[in-house]
Amino acid sequence: MAQQQNVSFRGGPGRGMGTPVEKPAAMKDTLKRLFSYFGSEKVYVLILILCVTAGVLCGSFAPRMQSSAIDSVVRGSFSQLPRLLTIMLILYLLSAAAVLLQGLISARLSRNITGKLRNDLFDKIVHLPVSYLDGHSHGDLMSRMTNDAENVSNIISQSLSSLFSGVLTLVVTLIMMLSYNVPLTLLTCSTVVLTLLATRFLSAKMRLYYVKRQELLGKVNSTVEEMVSNCRTVAAYNLQEESVKDFEQTSDALKKTGIIADILGNAMGPVMNSLSNITFVIVAVFGAWFAIHGYISVGVISAFIIYSKQFSRPINELAQLYGQIATALAGAERIFAVLDEKSEDFSGEPKLGKVNGVVEFSHVNFSYEPGKQVIYDFNLKVEAGKKIALVGSTGCGKTTIVNLLMRFYEPDSGTITVDGTDITKISRHALRDAIGIVLQDAILFSDTVRANLKYADASISDEKMLESARLASCDTVADALPDGYDSFLASAGAGLSQGQKQLLTIGRAFLSYPYILILDEATSSVDTRTEQNIQDAMARLMKGRTSLIIAHRLSTILDADQIVVMDKGHIVETGTHSELLAKKGQYYSLYMTQFAGNAT
Amino acid sequence: MKTIFPYVRKYLGFAFLASLFMILEVSVDLLQPGMMAAIVDKGILGLGNGGQPDIPLVVSTGIRMILLVIAGGACGLLSAVFSNFTGQSCGNDLRKACFSRIMHLSHQQTDDFTTGSLITRITNDISQVQSLVMQVIRGVIRCLMLFVGGSYALLSLNLSFTVVVAIAFPIILLYIIFVLRKTSPLFLILQERIDHVNSIIQENITGARVVKSFIQEDREQARFGKANQDLTDTQFQVSVLLSFMRPVMNIVLNCATIAIIWIGSIQVREGSLEPGSIMAAITYISQILNGILMLVMIFQTVTRGMVSGKRVEEILLSEPELKDGSVTEGDPQADSVVFDHVSFAYPGTGRTILRDISFSLRPGETLAVIGSTGCGKTTLINLIPRFYDATEGTVSVAGADVRLWNKAALRNKISVCIQKSELFNRTIAENIRLGDRNASDEAVKEAAKAAQADSFITDMPDGYETMVAQGGMSLSGGQRQRVAIARALLRKSDILIFDDSTSALDLKTEAALHTTLRRDYKDVTRIIVAQRIASVMDADRILLLDNGQISAMGTHDELLAGSALYRSICDSQQSSRQKGGV
């Protein structure tokens with residue numbers, strides 16, 4: 001219950017429920033780094049500490065006043081009562097003020113620090129090399145950004161001051177009790193051992209089931225995600241009943257684990273309640289005995305009753321906090337692991353000026369994974385202002401060439417130059433600024449058509465945008481939408497057809513006026529007539545500029561100045577269309593299959 | 001919440017048991033201060049014993065109290081068991097009902113909800129509803145008991161304490177109403193802002209290459225920074241509002257305590273009250289106020305839960321748009337597919353995508369559909385397996401209107417390979433076998449061979465047992481398409497539809513696929529949407545679609561002779577024949 005009452009803002013699944021407790025590996029370093037985020041907030045941290053201290057002190061002295069007040073009632077000396085009650089009132093007001101301030105400061109700290117942490121993490125992700133993103137699960141990165149950051153935020157906003165005041169309350173209460181009576185204090189503490197044992201046992205069991213529940217929850221999530229995003233296939237193949245059955249199995253398992261986990265969580269309350277009552281009886285029995293023998297007054301017993309409650313609460317809380325803090329630290333550790341990844345290196349020549357567009361690959365070898373070479377001794381010189389085409393079967397390494405030219409990946413050996421300069425000497429920004437690219441997967445952003453087209457530079461005029469749109473034949477796409485260029489593309493253009501998305505990405509690339517243009521299967525879903533219009537437009541737009549085109553459809557590349565035929569990472573033929581046809585090699589047979597249809 | 005209530009009703013018996021045990025537990029809690037007072041008054045102060053503490057009384061009452069507390073704890077635990085069972089079972093039933101409903105939504109409905117929102121609703125929102133159910137069962141009853149019982153016990157101690165309750169209660173009530181009215185709209189905003197932040201992250205991870213090649217890292221940072229700022233600001237607002245909650249409640253509680261000591265002391269002086277009763281009164285008043293404080297927390301859960309409940313309800317209330325029919329067997333002699341004056345507009349847009357389309361296909365005939373981007377080819381295809389219903393006219397399959405068909409039977413007759421190959425996170429063999437669950441390993445291999453996929457699959461280290469990553473991302477575009485084609489071919493259905501599903505195949509592979517289809521799938525009615533003339537020229541008939549209308553229909557030669565548009569498409573692809581002189 002206590003955990004569910006904490007308001008949590010996590011977007012992910014399992015919100016407000018117990019999250020699995022993970023053991024952070026390098027707790028000390030992580031803590032140190034996390035504390036460094038508090039650097040600019042030093043003043044507030046100090047005030048927070050003061051508030052907590054004040055709150056705890058007031059909260060501990062007030063029962064003392066209360067016991068004196070009751071004592072004086074018992075003794076019948078009512079004259080002191082107004083004074084005592086006034087002090088009590090002041091103490092309680094102070095403590096409330098301290099609690100309020102504490103809450104406000106925690107909220108502020110949480111806002112600033114999690115905000116900064118999330119920004120840092122995002123900045124990192126934006127600058128991570130493509131190779132990192134290709135090699136890591138996107139779901140995992142997402143969960144670091146959302147769940148882990150949220151866990152850290154929760155310890156800052158909620159647990160930090162609880163932890164503080166918990167420890168402080170324990171110490172102060174202990175001192176207070178000791179100052180009254182040592183033997184009774186020791187007796188009160190005797191049940192602490194029991195409390196500790198109970199928490200330990202329960203939290204170990206809980207951890208087990210929380211982890212299991214989290215796994216099942218993940219499975220439920222991924223099933224829903226997969227089935228919903230593939231809903232067309234599910235419908236076409238009548239897979240509904242089968243997937244429902246699959247889902248129900250997981251869902252039922254989740255329910256069973258969830259019930260056990262929650263019952264264990266709920267058991268904490270009654271167990272603690274019983275233990276604290278046992279403490280009460282112990283205090284009462286021995287207190288009475290001490291009172292009979294005149295060691296203490298009755299007021300002290302009433303104070304001890306309050307103290308014994310005050311004593312068991314923070315222990316209970318700290319036991320629960322331990323789990324939260326450990327989870328959050330593990331989260332922080334995962335965040336820092338991403339922050340420690342190497343960013344892309346943007347050093348090198350920062351400005352290129354005018355680029356002629358001479359691109360040369362010499363003796364380039366490349367493998368994504370060691371031992372699995374993809375590109376073998378690739379040599380190619382592209383003259384300035386020429387149109388080069390790469391053809392070859394799927395998986396022959398065409399897209400890899402683009403990855404290398406954009407410096408998304410670095411070759412194992414060999415060099416690539418632009419206008420004679422080794423591209424490793426040019427900063428990635430300057431290099432990419434000179435190159436425009438349209439990728440195989442047409443990726444748009446959830447924004448207006450206008451913002452998507454003007455992606456390279458929002459300050460470009462509308463006239464230029466309209467011209468580019470016309471050239472890329474994507475004006476028809478925009479015109480067909482209800483609000484034209486101001487139509488919002490929800491879910492990154494989910495409502496558009498593949499071909500329409502491709503046209504928009506081409507328009508976007510045209511509008512960046514690159515010196516070198518790369519089209520990687522950019523028109524595969526576009527009909528051939530529209531494609532030809534685009535090509536005619538490109539011929540004008542790219543006059544004097546270099547373009548590199550990858551395509552399966554030979555009609556796309558017929559008029560290229562040079563056609564490079566690739567096979568399994570090697571160049572097998574180069575030449576113009578007619579030269580290659582005359583050779584009657586691989587290109588010839590590709591060409592014949594396309595236009596003769598069945599001549600294999 | 002009307003739609004959700006039946007899911008709770010099923011477990012009402014357990015909810016009742018949970019409440020019952022909760023009542024027992026709270027009763028124990030309420031008895032406790034009275035016993036404590038007895039221990040203090042009679043035992044320690046020895047009020048019935050001439051001022052001498054009575055240790056045997058303390059011990060015997062103490063033991064009774066401990067036993068009672070343990071019994072109460074057991075009741076509490078049982079109450080937790082039953083309420084958890086109720087909550088989780090309701091949640092589970094809701095989750096299953098939602099999933100099943102989602103699986104039967106039309107494409108239009110799925111698109112309208114958006115995938116992301118459906119996922120959030122079925123996971124996040126349902127767990128909110130679940131905790132609402134549990135909170136109501138346990139919390140509300142507990143609070144009411146604590147409040148009513150505590151007030152009763154307090155007032156039965158001494159009527160003069162009424163004043164304290166009468167002043168404290170309205171203050172707290174007003175304050176709670178104030179805070180709730182402030183926070184509940186914030187929760188909605190909070191939810192939207194979380195969605196926004198998440199979607200920006202998602203886009204930047206999947207679109208990293210685009211961001212990098214346009215060097216827009218700074219812009220994306222700024223965009224995220226703003227969304228992040230909005231989110232943290234809202235979180236801050238909520239936290240601030242909630243920060244006031246505890247101190248205010250504490251002040252009221254503590255003032256009440258002081259008032260009770262004051263009023264009590266006067267009564268003690270008059271001799272109408274025993275000192276132990278003051279302590280009991282303090283305990284009761286804190287129980288009352290704690291009950292109210294808990295109620296605040298519960299109201300928060302309830303507010304959030306209601307918002308979520310509505311979102312879940314929207315799924316459950318979305319009626320399948322397409323009513324199912326009863327035809328399960330078509331007429332094998334009838335035309336395979338018939339379009340009779342079909343027009344179509346996407347609901348709500350009013351923009352007509354297809355206009356007056358009429359044609360019919362004999363069994364075993366091959367129809368190719370060609371036309372420019374956005375002219376309605378995919379829409380036309382979608383009407384055959386009844387992904388959408390025509391706005392006007394009728395589409396018939398095997399002699400029966402598709403609206404009269406049993407949907408499952410209809411879709412069993414049809415294999416569709418959609419434009420975007422959707423693969424599942426299973427092995428390649430399992431992905432292919434989705435076409436026919438009972439297919440043998442040989443049949444799977446045959447289908448893969450026909451789809452020109454066998455060679456690349458066997459080249460993989462684990463062959464057919466290779467796991468496909470989510471969304472098929474571990475395969476190249478061409479490989480994905482071939483696995484999807486193999487799945488469609490395994491189906492052995494009467495009608496085979498390829499919706500531009502060979503666009504990522506190289507020419508040779510595509511040609512080999514078409515040769516195989518012509519040879520081995522002669523009796524199957526084929527509909528092929530394509531861009532390349534080479535893919536369509538051998539079809540029995542070619543349907544040329546232009547701006548939603550049939551521009552021309554006939555064989556390749558007929559169209560070459562009769563359609564200028566078709567000729568220009570051919571020219572766009574074969575211009576080199578003149579240029580290159582072949």
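## The sheet of chain B

In chain B, six strands form an open sheet in the order E6-E7-E8-E3-E9-E10, with mixed pairing; strands, like helices, are DSSP runs numbered from the N terminus (at least two residues of type E for a strand, at least four of type H or I for a helix), and two strands pair if DSSP finds at least two bridges between them. Strand E6 (414–417) and strand E10 (549–554) of chain B stand at the edges with a single partner strand each, so one side of each has no neighbour in the sheet. Direction ignored, neighbouring strands of this sheet are turned by 15 degrees against each other on average.

This is a predicted model, in which local features need pLDDT of at least 70 and side-chain atom pairs count only at pLDDT 80 or more, while totals for chains, interfaces and linings use all residues. Residues are numbered from 1 along each chain as its sequence is written, and chains are lettered from A and ligands numbered from 1 in the order in which they are written.

## Strand partners and a helix across the sheet

Strand E7 (residues 495–499) and strand E8 (residues 525–529) of chain B pair in the parallel sense over five bridges, and Leu496(B) has Arg526(B) in E8(B) as its bridge partner. Helix H15 (residues 477–490) of chain B lies across E6 and E7 of chain B, running at about 175 degrees to E6(B); axes are lines fitted to C-alpha atoms, for helices over the stretch in contact, and angles run from 0 to 180 degrees between N-to-C directions.

## Two crossing helices

The axes of helix H3 (residues 55–103) and helix H9 (residues 275–317) of chain B come within 9 Å and cross at roughly 45 degrees. H3(B) and H9(B) are therefore oblique to each other (angles under 35 degrees count as roughly parallel, over 145 as roughly antiparallel, 65 to 115 as roughly perpendicular and the rest as oblique).

From H3(B), the contact is made by Leu94(B), Ala97(B), Cys98(B), Arg101(B) and Ile102(B), and from H9(B) by Val312(B), Ile315(B) and Leu316(B), where contact requires C-beta atoms, placed from the backbone, to lie within 7 Å.

The contact between the chains takes 144 residues from chain B and 151 residues from chain A. On the side of chain B that touches chain A, the largest share, 28 residues, comes from helix H8 (residues 217–270) of chain B.

Notes: Two residues are in contact if their C-beta atoms, placed from the backbone, lie within 7 Å.
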